[in-house]
Amino acid sequence: MSSVSFDHVTKRFGDTTAVDDLTLEVADREFMVLLGPSGCGKTTALRMIAGLESVTEGELRIGERRVNDVDARDRDISMVFQSYALYPHMTVRKNIESPLVATRHARPAAAERAARVREAADVLDLAPYLDRKPGELSGGQRQRVALARAIVRRPQVFLMDEPLSNLDAKLRTQTRLELVELWRRLEATFIYVTHDQVEAMTMASRIAVIADGRLQQVGPPQAVYDRPANLFVAGFIGSPPMNMIAGEVDRSPLAGPLRVRTAIGNIPLPTPPTTNLHSVVAGIRPEHLRLGGSDLSVEVLNVEQLGHERHVICRAGDARWVVRQAAHEPAPAVGERVGLGVDGASLHLFDPTSTERIA
Ligand SMILES: Nc1ncnc2c1ncn2[C@@H]1O[C@H](COP(=O)(O)OP(=O)(O)O)[C@@H](O)[C@H]1O
Ligand SMILES: [Mg+2]
């Protein structure tokens, strides 16, 4: 069993609360992504699992075992850092082997070590480079050496701290796929930290969204995308981000169908919200707006061609909105005033005070 669980875990550095009352269960063999902006406590959470930071309050378990006071070397985990420092004077082979040599547990015999290095090198397509030094490899190959070094010990849990952020965009996409394949093949638990919501969406079994040290929402990527729990998650997940505007729920029967009144027009509501709130924040994803509709009125500021689709940037009151348009549809002109149609069923409503989602 290699589940990992945080039970009301808090980590403080002096006056700074880096992780605030975190309760999270990472299931055995799950690919869990901790997602949030820089400084939200992701690295600190990982370092507590690794045993590199102490736990201030709460309980941390790996499998059934409470590990608050267990030495880092006795936790059966491997961590890959953003700045993976390889030994420059050693060959790739020696670099991959190093965790098996520098162990305070019984060191595997030379033949066993060689077999494990070969296996790790095969998994990461590094066999042709085993006799090179890190300086003779590309950035992507060096990153794969760091991953091979992490798997050579065959740990139960892998911790990865933004391991792709030093790679260029194309290599990042490719390595993303390789990591997911690696996870399937190793049948181990992965806990992966990133600030990049695309990485989270594409790789995770479940995403845990964190802001200011606090867990905001946890769930499968599509569920988090479809039903963000609050304004933070709504704004953080999705690219381009969800369009937002303040409005008032108009319940007067004389005004016609139920709707949200905003500065740029009225958004029809298919069902009454489960709240008596008058003021709300309405959120609409770029793919749920239709150019040529008549619910809202905006001004076109720019048109971004992406080949397979188009992003129409609009001024919507004080905000900038993005409308996603298929490439074959006619593009609007910059400066034009256009109408937008909204499918009420895809509308998100939030409480402006608590910032929580309204059902
Ligand atoms: N060793 C430390 N001493 C003091 N403050 C720290 C230390 N490590 C992290 N912090 C603070 O804890 C917060 C969370 O940091 P971190 O876990 O590195 O965030 P992230 O990885 O999400 O960018 C930040 O405010 C950071 O400045
Ligand atoms: Mg970090």
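User: What makes Lys 42 and ligand 1 a polar contact?

Analyst: A polar contact is a pair of N or O atoms within 3.5 Å; within protein, one must be able to donate a hydrogen and the other to accept it, and residues adjacent in sequence count only if both atoms are side-chain atoms. The Lys 42 pair sits at 2.9 Å, so it qualifies. Thr 44 also uses an N or O atom of its side chain, 2.5 Å from a ligand 1 oxygen. Gly 39 instead brings a backbone N or O atom, 2.6 Å from an oxygen of ligand 1.

User: Which residues are around ligand 1?

Analyst: Among them are Phe 13, Pro 37, Cys 40 and Thr 43. To be listed, a residue needs a heavy atom within 4 Å of the molecule.

User: Where do these numbers come from?

Analyst: This is a predicted model, where local features need pLDDT of at least 70 and side-chain atom pairs count only at pLDDT 80 or more, while totals for chains, interfaces and linings use all residues. Residues are numbered from 1 along each chain as its sequence is written, chains are lettered from A and ligands numbered from 1 in written order, and side-chain values use heavy atoms, leaving out hydrogens and water.

User: Why is the pair Arg 214 and Asp 20 called a salt bridge?

Analyst: The rule wants a side-chain nitrogen of Lys or Arg within 4 Å of a carboxyl oxygen of Asp or Glu. Arg 214 and Asp 20 have N to O at 2.9 Å, so they pass. The pair joins distant parts of the chain: Arg 214 is in strand β10 and Asp 20 in strand β2, 194 residues apart. Strands here are DSSP runs of E, at least two residues, and helices are runs of H or I, at least four, numbered from the N terminus. The whole structure holds 20 salt bridges.

User: How do you know that domain 1 and domain 2 are in contact?

Analyst: Contact means heavy atoms within 4.5 Å, and nine residues of domain 1 meet that with ten of domain 2. Together the domains bury about 910 Å², meaning accessible area (1.4 Å probe) lost on being put together, summed over both. Tyr 225, Leu 231 and Ala 234 supply 56% of what domain 1 buries there.

Definitions and conventions: Buried area is the accessible area (1.4 Å probe) that two parts lose on being put together, summed over both.
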